[in-house]
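Trainee: I'd like a close look at one part of this model. Please take it step by step, then show me what surrounds it.

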Amino acid sequence: MVRGNKTPTSEFHLLGLSEEPELQPVLFGLFLFMYLITVLGNLLIILTVSSDSHLHTPMYFFLSNLSFVDICFTSTTIPKMLVNIQTESKVITYAGCITQMFFVLFAAWDHFLLTVMAYDRYVAICHPLHYTVIMNSWLCGLLVLVSWIISALNSLLHCLMLLRLSFRVDLEIPHFFCEVKQMIQLACSDNFLNDMVMYLATVLLGVGPLAGILYSYSKIVSSIRAIPSAQGKYKAFSTCASHLLVVSLFYGTVLGVNFSSAGTHSSQSIAVTSVMYTVVTPMLNPFIYSLRNKDIKGALKRVLGMAVSDFGENVNSVLEKGTGSLAQEVMLHSFLLSCVGESFSLHHQPYREQSSLTHGNLPLRKPIQGSLRACHLHLMDSGNLTRVSEFLLLGLSEERELQPLLFGLFLSTYLITVLGNLLIILAVRSNLHLHTPMYFFLSNLSLVDICFTSTTVPKMLLNIQTQSKAITYAGCITQTCFSLLFGVLDDILLTVMAYDRFVAICHPLHYMVIMNPRLCGLLVLVSWIISALNSLLQCLMVLRLSFCPGLEIPHFFCELNQMTQLACSDTFLNNVVIYFVTVLLGGGPLAGILYSYSKIVSSIWAIPSAQGKYKAFSTCASHLSVVSLFYCTSLGVYLSSAVTHNSQSSAIASVMYTVVTPMLNPFIYSLRNKDIKRALKRFFVVAGTQGTVT
């Protein structure tokens, strides 16, 4: 195959369900009707549950989440299909396709929510006396949160795996949305690893929840059979009927699609059958829960009755003011409709009309080492923006005699970082005295530091050893994603540790009550979620940019700011997002740390004895040193990049917070902390005695 045909393309073509022109109006009307019913029905379920206090129970909390997921799921696929039919354009951009696939994969959230609802029914029927104790608000929120995290990580994994594949130019996808299996099959490059990941995820996230549902219902059936009266059996089973129907419909359609794809090789028939679980099932869920559930029906009647009465009062008040006021209301309503229609027509022009860029009107940034000038010439030759397959990482220095020195220095630094942070984790885990919130957060910080350095340093060492500066496009995006993930996670964990010190010093008597294991776990979990969402947002923003072939990155890893500056396309939106996120996730945690320490200092000043002050402050000394080191190096890199336009010096300065800070953290906590030093001594003594015995 010709090399040029395997470059990542900027757009795909969605063929849809049918290419016959006479069927397009029918398909448009049918799918618009189903989409409106789906959104309206599920919105009614959410509004009913939120407005009726009788439905503020775990079962209906999970149901409202399921309705929300169904709205998001259908909104990912159908609107794009409707726009394509209306504009007679089948085009979807590469970034748009990846984004659609990410949110389509949120169907895994449906799996988990149905499993969680099955568990809720199991507890309600098998353990009715302990139901409110077991299914408390904390557990319900945590179950939904964990379901969301697993689904997001699954989507992120598949999308990152897809970025490593190459596709033909003007690729035609025989589907009405970007489906992961179709995309993998249509790739030009080797997709063995993608297939393995997809099958593994299917087994874990498909069969796992199904096994949980079957286990729950086996226990429910055995409990119902033990009920003596027929009326009691019917009443117990009726609480599961709606959920059982939804589960049967969901898994029945999914299995039907899998069997049809295995039995037929026609992509068009597979696309038609996939309509069942992507469109029909979310549309039918509200009807199943409203028609077979007396609580929902009663609540719906109350909500609709209140709405009708409010509407009648409003109409009467308008009519009492005269016809002129009513006419004004009608005119205002018509004006709003016309604005919405005009906005829709403006934002849904055909893709080619929106994206026709030439070298004359392309917004160019300040050239960095002449790369953008070369890019501009490339655009003049080719006339369009293409995606590249690899970049070149220039590293810290291009002088040959310095390469062995850099290799030895960074290898020793990396080994010290990994060994030191691993020792902290092992010391905390092996010593019961360190099973406290402060050391739990410290072990998480050590894990993040290992991951952070492992994202950047090994690739640099490999490049020096192999004398190759190349990094693939997918590898660069992956490195950017994980460096952002662990960098922001470091920042948030330091804020959580500052809060822990604030509670320990300012509220010592309530410390164990406030900083309970659930809150500690939740704080770490939320930190991971925020970091993952930020990382995903930034990587998706980078995907919309175009780069020049043979682009040289004057850094030792793919850093977000450098990637944005070296892009050929317009980066205004990327810069806005970067600055906004920097203020939010940089300034926010820093403000939290400063506030915590202001309260800590005021509490320490109130302690009468000097010994008490020293003892209280000594518990914060290590954390304060790490915070100072982290923020000073980060600010130093920022200021050095702002003052000097030399990218090489900025790269050298960034070594401080990417390599040096994670290496020094274990030393700061072990040398300045008696508990850690004692735990490390015990650990080495135990390890030595076990080695002697063996």
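Trainee: What is the relative accessibility of tyrosine 119, and does tyrosine 119 count as buried, partly exposed or exposed?

Mentor: Keep in mind that this is a predicted model. Tyrosine 119 has a relative accessibility of 32%, so it counts as partly exposed. The reasoning needs two cut-offs: buried means under 20% and exposed means over 50%, with partly exposed in between.

Now place the two residues. Both tyrosine 119 and tyrosine 122 belong to helix α4, which covers residues 107–126. Three residues separate them, about one turn of the helix.

Next, their rings. A pair of aromatic rings is described by two things, the distance of the centres and the angle of the planes. Searching the whole structure gives 18 aromatic pairs. The class follows from the angle, because under 30 degrees would count as stacked and over 60 as edge-to-face.

Phenylalanine 176 and phenylalanine 177 pair edge-to-face, at 4.9 Å centre to centre and 75° between the planes. Both of these phenylalanines are buried. Rings also gather in a group elsewhere: Phe12, Tyr94 and Phe167 are linked into a cluster by ring pairs.

Back to α4 and its packing. Helix α2, residues 58–87, packs with α4 at an angle of about 165°. Their axes are 10 Å apart. An angle over 145 degrees counts as roughly antiparallel, and α2 and α4 are therefore roughly antiparallel to each other. Their crossing is left-handed. On the α2 side, the contact includes Pro58, Met59, Phe62, Leu63 and Phe73. On the α4 side, it includes Trp109, Leu113, Leu114, Met117, Asp120 and Arg121.

Follow α2 to leucine 82, which sits in that helix. Leucine 82 has a relative accessible area of 8%, so it is buried. Leaving aside residues up to four places away in sequence, leucine 82 touches Phe28, Phe31 and Leu32. The C-alpha atoms of leucine 82 and phenylalanine 176 are separated by 9.7 Å, while the two residues are 94 apart along the chain.

Helix α3 (residues 94–104) packs with helix α6 (residues 137–163) at about 150°, their axes 9 Å apart. These two helices are therefore roughly antiparallel to each other. Here α3 passes α6 in a right-handed crossing. From α3, Tyr94, Ile98, Met101 and Phe102 take part. They meet Ala152, Ser155, Leu156, Cys159, Leu162 and Leu163 of α6.

Now the strands. Three of them form an open sheet of mixed pairing, in the order β5-β4-β6. At the edges lie β5 (470–472) and β6 (552–553), each pairing on one side only. Strand β4, residues 390–393, runs antiparallel to β5, and three bridges join them. Glutamate 390 stands opposite threonine 472 of β5. Phenylalanine 391 has isoleucine 471 as its bridge partner in β5. With β6, by contrast, β4 pairs in the parallel sense, over two bridges. There, leucine 393 has isoleucine 553 as its bridge partner.

What lies across this sheet? Helix α17, residues 473–506, lies across β4, β5 and β6 and runs at about 80° to β5.

Last, the whole protein. It holds 24 helices and six strands. Of its 694 residues, 48% count as buried. Take the contacts between residues at least 6 apart in sequence: 79% of them join residues at least 24 apart.

Return to your starting point with that in view.

Terms used
Residues numbered from 1 in each chain as written. Predicted model: local features only at pLDDT ≥ 70, side-chain atom pairs only at ≥ 80, totals over all residues. Heavy atoms only, no water. Phe/Tyr/Trp six-rings, centres within 6.5 Å; stacked < 30°, edge-to-face > 60°. Helix = DSSP H or I, 4+ residues; strand = E, 2+ residues; numbered from the N terminus. Buried < 20%, exposed > 50% of the residue type's maximum accessible area, 1.4 Å probe, protein only. Pairing = 2+ DSSP bridges. Contact = heavy atoms within 4.5 Å. Axes fitted to C-alpha atoms, helices over the stretch in contact; angles between N-to-C directions. Parallel < 35°, antiparallel > 145°, perpendicular 65-115°, else oblique. Left-handed = near helix turned anticlockwise from the far one by under 90°.
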